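Subject: Handover of a structure

Dear colleague,

Please find below the structure that I am handing over to you.

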Amino acid sequence: SSGSSYTFEINALVGTWTAPYELNVGTVTLSIELAEGWNMFSVNATVDDMSPNVVLASLNPSENDQIKNLSGSAVYYEGFGWNGSLGAIDVTSMYMISLSSSDVLDFTGIPVDPSTTPISLASGWNWIGYIPQGELDVNTALTTVVGTENDQIKNQGGSAVYYDGFGWNGSLGSMAPGEGFMLKVAVESDLVYPSADGLARTMLSLEDPKVLPYTIESWDVDPHAYEFSGTIDMRIDSRDDFDGDYIGVFVGNECRGIAERMYFPIDGSYYYSAMVFSNVTEGEILTFKYYSSLNDEIINYGENVEFTANMIVGNGLSTFSLSRETAIPTTFSLDAAYPNPFNPVTTLGFAIPKDTEVSISVYNLQGREVISLVDNNMQAGYHSVVWNADAHASGMYFVKMIADEYINTQKIMLVK
């Protein structure tokens, strides 16, 4: 017998000769497009052998490609296959796979019955698979989850937060076969998905890059380039904003997250919900730029946040505020060190009118570099750097700044 069903509709046309409606005769096939880099995915069908070498057999991996979940991992070795602590692919789990090149995972198996496959949720972060055969909205899919205020679900493309009395809301509106999710809950419970009809073959395609306004087209972010993520829900408090406006989140000059102004239905406000990405678990400093579609201009903000993996900063009801607009200098400059003379700490302020490489180093009287204070690409704006000279001897030193065609040198005196 067929595992597919179809509700008859008068004069309805289902399928074409080029895209026929496929009947599921006991099995389903899942095709998942995977990008170069990191991908979150899950499978909703089983075979007798669920080892990585069987489930991932359609891929053409390279040496040192990796797959992992919360309980184990495996690495691909040429001529041997996948090997490691991850012995089997579990339909209840989400997996992250890192590939050296884009590929398509094709997997055929017996569809899993959601009603008999509960997912036990622990307090904290859970990596969950998606078991139904068809797409469901987030609130329907997570009906059995005991949600509490500020619980969160996310994938590589968006997130949703749980609000008491309202449910799940955010940039992640639905869940579909092949997708993998991270779910953070405060209360333990069982996730039992409702059933959802699907075709015998399901294709999960990579999302097309969002077309951005020309002025900020460089703000495009590839989530597959990063292993870790977090979320920041923000608002603009220093000026009126409008539909079509964006906030970009940066590490240096590299955009790590972008969000378009969106409506928040609980209180009728507007906010920006950004997924932010990194390849380190903590320490990178995130800064913010706002694009005004009304004036086609970019405004820098002075607020910053330190990235930590799985960080949740703000929500729709309590957003992270951006209010400190920072002016862009018109010329390069290196301020006088303060204090000077100093013992043993002094601060150097500097300004750059455009994004550029900046080098600031300290030299001794013999012209030898004793320390490099700045050596990277920096955003336009006003900056400062601190030199702690506790490990250096008293005496005269020279600070040299090079940025674009600008060069400036000043004397500083360390007195101990």
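In which sense do strand β31 and β32 pair, and over how many bridges? Strand β31, residues 356–363, pairs with β32 in the antiparallel sense, and eight bridges join the two. Within this pairing, S361 stands opposite S372 in β32. Please note that the model is a predicted one.

The two strands belong to an open sheet of four strands, in the order β32-β31-β34-β35, with antiparallel pairing. Its edge strands are β32 (369–378) and β35 (406–414), each of which pairs on one side only. From one strand to the next, the twist averages 15°. As background, the strands of a sheet pair through backbone hydrogen bonds, and they may do so in a parallel or an antiparallel way.

A further open sheet has five strands, ordered β2-β7-β4-β5-β6, and here too the pairing is antiparallel. Here β2 (37–41) and β6 (81–84) are the edge strands, and each pairs on one side only. Neighbouring strands of this sheet are turned against each other by 20° on average, direction ignored. Inside the sheet, strand β4 (residues 66–68) runs antiparallel to strand β7 (residues 95–99), and three bridges join them.

For the protein as a whole, the secondary structure comes to two helices and 35 strands. The C-alpha trace spans about 90 × 55 × 45 Å along its principal axes. The protein has 416 residues, of which 47% count as buried. Among contacts between residues at least 6 apart in sequence, 69% join residues that are at least 24 apart.

I turn now to the aromatic rings. A pair of aromatic rings is described by two values, the distance of the centres and the angle of the planes. The count comes to 13 aromatic pairs. In one of them, the ring centres of F264 and Y271 are 5.3 Å apart and the planes stand at 75°; the pair is therefore edge-to-face, since that angle is over 60 degrees. F264 is buried, with a relative accessible area of 0%, and Y271 also counts as buried, at 1%. Another pair, F288 and F320, is tilted, with 5.5 Å from centre to centre and 40° between the planes. Because F288 lies in strand β24 (residues 282–292) and F320 in strand β27, this pair ties together parts that are 32 residues apart in sequence. Both F288 and F320 are buried. Ring pairs also link Y163, F264 and Y271 into a cluster.

Two charged residues sit over rings. The charged end of K154 is placed over the ring of W125, 4.9 Å from the ring centre. R261 lies over the face of Y270, at 3.8 Å from the centre of that ring.

Finally, is N315 buried or exposed? N315 counts as buried because its relative accessibility is 8%, and the cut-off for buried is under 20%. N315 is found in the loop between β26 (312–313) and β27 (320–322). Its side chain reaches the backbone nitrogen of L317 at 2.8 Å. Leaving aside residues up to four places away in sequence, N315 touches N150, V161, Y163 and D233. Of these, Y163 is also a member of the ring cluster with F264 and Y271.

Yours sincerely,

A colleague

Definitions and conventions
Residues numbered from 1 in each chain as written. Predicted model: local features only at pLDDT ≥ 70, side-chain atom pairs only at ≥ 80, totals over all residues. Heavy atoms only, no water. Pairing = 2+ DSSP bridges. Axes fitted to C-alpha atoms, helices over the stretch in contact; angles between N-to-C directions. Buried < 20%, exposed > 50% of the residue type's maximum accessible area, 1.4 Å probe, protein only. Polar contact = N/O pair within 3.5 Å; in protein donor to acceptor, adjacent residues only side chain to side chain. Contact = heavy atoms within 4.5 Å. Phe/Tyr/Trp six-rings, centres within 6.5 Å; stacked < 30°, edge-to-face > 60°. Lys NZ or Arg CZ within 6 Å of the ring centre and 35° of its normal.
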